[in-house]
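Please examine the model shown below. The paragraphs that follow lead through its parts in turn.

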Amino acid sequence: METALVQHISLAADANALRRGEASPSDLIDRLQKRFERINSAIDAFLPEADRFERLRRDAASLEERFPAPEDRPPLYGALLGVKDIFHVDGFTTRAGTRVPPEHFAGEEAAVVTQLKRAGALIIGKTVTTEFAYFEPGPTRNPHNPAHSPGGSSSGSAAAIAAGLAHISLGTQTVGSVMRPASYCGIVGFKPSYERVTTAGLVSFSPSADHVGFFTVDIASMQAVCSGLISDWKGDREYEARPALGVPVGAYLEQATALDAFDRQLSALEQAGCTIKRVPLLDDIATIDGFHQDMIAAELALQHRERFAQTSDLYRPRTAALIRRGQTVSPGRLQATRAHRLAFRGRLRRVMDAEGIDLWICPSAPDVAPRGLEATGSPAMNMPWTHAGLPALSLPAGQGAAGLPLGLQLVSRYGEDERLLAWAGAIEQMFPR
């Protein structure tokens, strides 16, 4: 449902018109500027930039000049892109949501940003992130209700899509930073398999858990992003029309509080002809969480070892606390946590094979977006899948309390990203907006 602050612009709807010349990037920017100047101050999705639209018009004119013939235009020609402010982008300062001076973590442009630019995307600007992509929030508000969190750490990236300020936005996930904001903001969030998209050129949190992710308003747009960006993407294959869906019942699922809504989502899927299997899984969720938290804390401490020693007083409390926790993790324990994630990935595959499950299905977040901007919500529903490095997707699937969005999380086997998106496209039709 669109409101004054919620509006959806679909890359899938605009891409063909842009490539055929029925619309121009400059026209899109003219329309975007009017909306941007009216609503960005209400949600704070993007960081301030002087002369943003003058730069964008120069970029658009350069793109149009380089590709005058429609048949030569790249797949994401004219797509409007927001970039989470932990990715380095030529011509922009990376601030990573922190008071630590940016020269401490400057670097070359992120490979995924370069690839998206080559594919024809135009960068609107940097989107707000929590400090170093952890829990200390920025000023961004949820377009569905500005009194509520948009989630984190990819807060600005998700809000920008929900508000109609971008076709695509870049995020990252180290625990739940793509799935949760997508759920809270009522959009599609996709985290490919670990290392399917390179993390080169971002301010790293935990190299063993960092994933690049994307936000769009619909699955067709996400398909366009992946096919235009990922060189070995095989999105043209045919897959079974209805996947077998596994519900991981037990202690993990019981962390969610909106289970009545989840039951209604499952009923809708069953009525549409999906097979649903309830499988006991993840009763050891506390142990898995301990491995993951020790791993990311230790790796964050290693990433920040020198700069934290020099500027610890500039770090916000929750970030500093995690770094200090990481400093207590022994090298042996860190090695064990890294080994655990691979063993856990294998365990999940064996269960899926034994039970005949194509996708795990579960809530994207425990409930709707929490009220207030002091916290970004719990990533508990995302942690195990991130720990295993599995491809995961959050799909808008109705509303919960106060009319706020609810997401449905779909998780596939490692490396089966194309299948996941294909099946998600079919499931999307079962939850019309």
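**A guided reading of the model**

T129 lies in the loop between β2 (122-127) and α5 (155-162); helices (H or I, at least four residues) and strands (E, at least two) are DSSP runs, numbered from the N terminus. The model is a predicted one, in which local features need pLDDT of at least 70 and side-chain atom pairs count only at pLDDT 80 or more, while totals for chains, interfaces and linings use all residues. Residues are numbered from 1 along each chain as its sequence is written, and side-chain values use heavy atoms, with hydrogens and water left out.

The relative accessible area of T129 is 4%, and the residue is therefore buried; buried means under 20% relative accessible area, exposed over 50%, and partly exposed in between (1.4 Å probe, protein chains only). Neighbours within four places in sequence aside, T129 is in contact with K84, D85, I86, A96, G97, S153 and S155, where contact means heavy atoms within 4.5 Å. Of these, S155 is 26 residues away from T129 in sequence, yet the C-alpha atoms of the two are 5.8 Å apart in space.

Five bridges pair β2 with strand β1 (residues 80-84) in the parallel sense; two strands pair if DSSP finds at least two bridges between them. Within this pairing, L80 has L122 of β2 as its bridge partner. Strand β1 is also joined to strand β3 (residues 168-173), by three bridges and again in parallel, with I168 in β3 as the bridge partner of L81.

What is the strand order of the open sheet? Its ten strands run β2-β1-β3-β5-β4-β9-β10-β8-β6-β7, with mixed pairing. At the edges stand β2 and β7 (275-280), each of which pairs on one side only. From one strand to the next, the twist averages 30°; axes are lines fitted to C-alpha atoms, for helices over the stretch in contact, and angles run from 0 to 180 degrees between N-to-C directions. Helix α2 packs on the sheet, where it touches β1 and β2, and its direction makes about 25° with that of β2. Helix α14 (residues 417-428) also packs on the sheet, touching β4 (188-191), β6 (244-249), β8, β9 and β10, and its direction makes about 10° with that of β9.

Strand β10 (residues 405-411) has seven of its seven residues buried. In a regular strand the side chains alternate between the two faces of the sheet. Here both faces are covered, with P405, G407, Q409 and V411 buried on one side and L406, L408 and L410 on the other. Strand β9 (residues 392-399) pairs with β10 over six bridges in the antiparallel sense, and L393 stands opposite L410. The hairpin of β9 and β10 has five residues between the strands, and A402 there takes a positive phi near 60°. Strand β8 (residues 359-363) also runs antiparallel to β10, to which four bridges join it; C362 has Q409 as its bridge partner.

The helices can be followed next. Two packed helices are described by the angle between their axes and the distance between the axes. For helix α2 (residues 25-43) and helix α3 (residues 52-66), the axes come within 9 Å and cross at roughly 165°. That angle makes α2 roughly antiparallel to α3, given that angles under 35 degrees count as roughly parallel, over 145 as roughly antiparallel, 65 to 115 as roughly perpendicular and the rest as oblique. The residues that meet are P25, S26, I29, D30, L32, Q33 and F36 in α2 and R52, F53, L56, R57, A60, L63 and E64 in α3. By class, this contact has eight nonpolar, two polar and four charged residues; Ala, Val, Leu, Ile, Met, Phe, Trp, Tyr, Cys and Pro count as nonpolar, Asp, Glu, Lys and Arg as charged, and the others, Gly among them, as polar.

The axes of helix α9 (residues 285-303) and helix α12 (residues 331-355) come within 9 Å and cross at roughly 130°, so α9 and α12 are oblique to each other. Among the residues in contact are F291, D294 and M295 in α9 and R338, R341 and F344 in α12. The residues of this contact divide into eight nonpolar, three polar and six charged.
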